[in-house]
Amino acid sequence: MTDKLNELTAAGVAVWLDDLSRVRLSSGGLDQLRREKHVAGVTTNPTIFAKALSDADEYNWQLHDLATRGVEVEESVRMLTTFDVRWACDVMRPSYDGSDGVDGRVSIEVDPRLAHESDRTVAEAKALWWLVDRPNLYIKIPATEAGLPAITATLAEGISVNVTLIFGLDRYSAVMEAFLAGLEQAKTNGHDLSKIGSVASFFVSRVDSEVDKRLEKVGSDQAKALKGKAAIANAQLAYERYTEVFSSDRWKALAAAGAHPQRPLWASTSTKNPDYRDVIYVEELIAPGTVNTMPESVIHAYADHGETRGDTITGAYDAARKVFADLESVGVDMDDVIVTLEREGVEKFEASWQELLDGVRKSLEAAAKGKGAPNKAAKGNAKAAEQAGGA
């Protein structure tokens, strides 16, 4: 039987999992995906953590300890999430070592409420880096205007960064500039560039969701014929910019000093429209030096019926530009689409972060009253706690 995920990996696409939970860790599910499905990295976000902590009782023993110590809610959230990420980093360490530090990465996001505050974002990034204390960690920083200088400053500290919530081409160019500037400062600061990693998370399906909604409102046959095309075209043109920047003399100087390129990462790759092929945002975005982070359902779908047809990006630039021209001709303002998506992206993660805080607050209160004491299953996690560095 053909190993379709291996074919995808061979084509230059690193397969990452867009999910994490303590159940996945304690069951060995993450390690199984690494060994059997070529999963070479993990991404998380506030929504993923909010769901993980609401679904499982395997957090009870740690919640009990945190409540007993009287730890505040926000610090408890950091302890709970960094515990899982630290553990995941250890599970993914063979991929990190085997790829010379390129893959095997696990991402954790700064508090999304800091998306418009540069200095506080940098301070939070440094704190998370210290708390997890693993070389294969990525700190996720949003690509807001305030996030750009924070990206540079964090990289300058020798801290690896996953830049998230990128929707538009011009902002992506600014992200790459922030990356180059950060590495140049890191080099000046005496850091080993070969140890610093970065990806730029370019969101995909959300672009189609927003554009398709506007095309439906236009209502013409010409407009409806463009549905499902904007997101792939947008990502393809982003890759074109990537190839230009990472073939420049400026980049070559950093590469000579040991730096790894900041790979484009295709995020939000599950289809929101059931009329679209469930692996379309994987099949149509294959090119060397990229990452595709997928929910587990998409990983299994690709393993079952995905088609790796070689590089599906590099030869598509002209067609992608025509899609953009056609969108403009029917009245879709892509600049407004991008602004809307960035604003909504930050708002959604802020809402998930608040949900996470509220859930942990209730759990801590229950634990303090003796209702959340460690159960039998949770007590069995003592070894896991030791492996992940404790609460």
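Let me start with a definition: on a 1 Å grid over the protein atoms alone, a pocket is an open set of points with protein on both sides within 12 Å along at least five of seven lines, while a cavity is a set of points where a 1.4 Å probe fits but cannot get out; lining residues have an atom within 4 Å of a point. One more for the elements: helices (H or I, at least four residues) and strands (E, at least two) are DSSP runs, numbered from the N terminus.

Hi everyone! The structure above is a predicted model, where local features need pLDDT of at least 70 and side-chain atom pairs count only at pLDDT 80 or more, though totals for chains, interfaces and linings use all residues. Residues are numbered from 1 along each chain as its sequence is written, and side-chain values use heavy atoms, with hydrogens and water left out.

Let's begin with the pockets. The largest pocket holds about 650 Å³, where a volume is the space filled by probe spheres set on the grid points, joined across faces, edges and corners. Its lining has 39 residues, and D18, N45, T47, I48 and P295 lie nearest the centre. Which helix gives the most to this lining? Helix 4 does, with 5 residues. Other elements that supply at least two residues include strand 5 (161-166), helix 11 (205-218) and helix 16 (296-305). By class, the lining of the largest pocket divides into 12 nonpolar, 13 polar and 14 charged residues. Here Ala, Val, Leu, Ile, Met, Phe, Trp, Tyr, Cys and Pro count as nonpolar, Asp, Glu, Lys and Arg as charged, and the others, Gly among them, as polar.

The second largest pocket has about 450 Å³ of space. It is lined by 16 residues, and the closest to its centre are G168, D170, M334, D335 and I338. Helix 18 gives the most here, 5 residues, and helix 10 (169-188), helix 13 (230-245) and helix 17 (317-329) also supply at least two residues each. This lining has 6 nonpolar, 2 polar and 8 charged residues.

The largest cavity has about 70 Å³ of space. Among its 13 lining residues, T81, I108, E109, L128 and W353 are the closest to the centre. Helix 6 has the largest share of that lining, 3 residues, and the lining as a whole has 7 nonpolar, 2 polar and 4 charged residues. The second largest cavity is about 60 Å³. Its lining includes G101, Y138, H260 and R263, and by class it has 5 nonpolar, 4 polar and 2 charged residues.

Let's finish with a helix pair. Helix 6 (residues 73-91) and helix 8 (residues 118-132) pack at about 55°, with their axes 9 Å apart. That makes helix 6 oblique to helix 8: angles under 35 degrees count as roughly parallel, over 145 as roughly antiparallel, 65 to 115 as roughly perpendicular and the rest as oblique. Axes are lines fitted to C-alpha atoms, for helices over the stretch in contact, and angles run from 0 to 180 degrees between N-to-C directions. Who meets whom? R78, M79, T82, V85, R86 and C89 in helix 6 meet E124, L128, L131 and V132 in helix 8, where contact means heavy atoms within 4.5 Å. By class, this contact has 6 nonpolar, 1 polar and 3 charged residues.
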